[in-house]
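Here is a predicted model, discussed as a series of questions about why its parts are labelled as they are. Each answer sets a value against the definition behind the label.

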Amino acid sequence: MYETMRIRRSIDVEIEGLGEKIKKARKADGRPVEVLAGEAGISRAYWHDIEAERVRDALPEETLRKVEQVLNINLGVEFE
């Protein structure tokens with residue numbers, strides 16, 4: 001009898017200008033970065049890194065979705 005094995009699949013996508021889109025949405029929202037970052041569960045510094053596209057590795061999809069939720073926007077990032 002065979003045992004089952006789980007396999008994880010990770011998909012990365014590159015989105016041009018995503019940080020700028022987030023920055024524009026934040027400015028339109030009008031709330032301070034500290035408030036938005038807190039609601040998204042990330043630090044103010046990390047929020048600024050996202051806007052400046054200085055994220056060290058890939059931005060986790062979960063974080064992106066939290067940012068979208070806090071800003072009440074859909075950035076159109078889809079995974080195949």
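Q: Which exposed residues does the face of α1 turned away from its buried side carry, and what makes a residue exposed?
A: That face carries K24, K27 and A28. Exposed means over 50% relative accessible area, buried under 20%, and partly exposed in between (1.4 Å probe, protein chains only). Residues are numbered from 1 along each chain as its sequence is written. In this predicted model local features need pLDDT of at least 70 and side-chain atom pairs count only at pLDDT 80 or more, while totals for chains, interfaces and linings use all residues, and side-chain values use heavy atoms, with hydrogens and water left out.

Q: How do you know that the buried residues of α1 are on the same side?
A: The buried residues of α1 are L18, G19, I22, A25 and R26. They cover an arc of only 125 degrees around the axis, so they lie on the same side of α1. The arc is taken over the directions from the helix axis to the C-beta atoms. An α-helix has 3.6 residues a turn, so residues three or four places apart point the same way.

Q: What covers the buried residues of α1?
A: The cover includes α2 (33-40), α3 (44-51) and α4. Helices here are DSSP runs (H or I, at least four residues), numbered from the N terminus.

Q: What span should α1 have, and what is the distance between its end C-alpha atoms?
A: The expected span is 1.5 Å times one less than the number of residues. For the 12 residues of α1 this gives 16 Å, and the end C-alpha atoms are 16 Å apart, so the two agree.

Q: Why are the buried residues of α3 said to line one face?
A: In α3, W47, I50 and E51 are buried. Seen down the axis of α3, they fall within an arc of 100 degrees, so they line one face of the helix. Among the elements covering them are α1, α2 and α4.

Q: What phi values follow α1 and α3?
A: Just after α1, G30 has a positive phi of about 90 degrees. E53, which follows α3, has a positive phi near 55 degrees.

Definitions and conventions
Helix = DSSP H or I, 4+ residues; strand = E, 2+ residues; numbered from the N terminus. Contact = heavy atoms within 4.5 Å.
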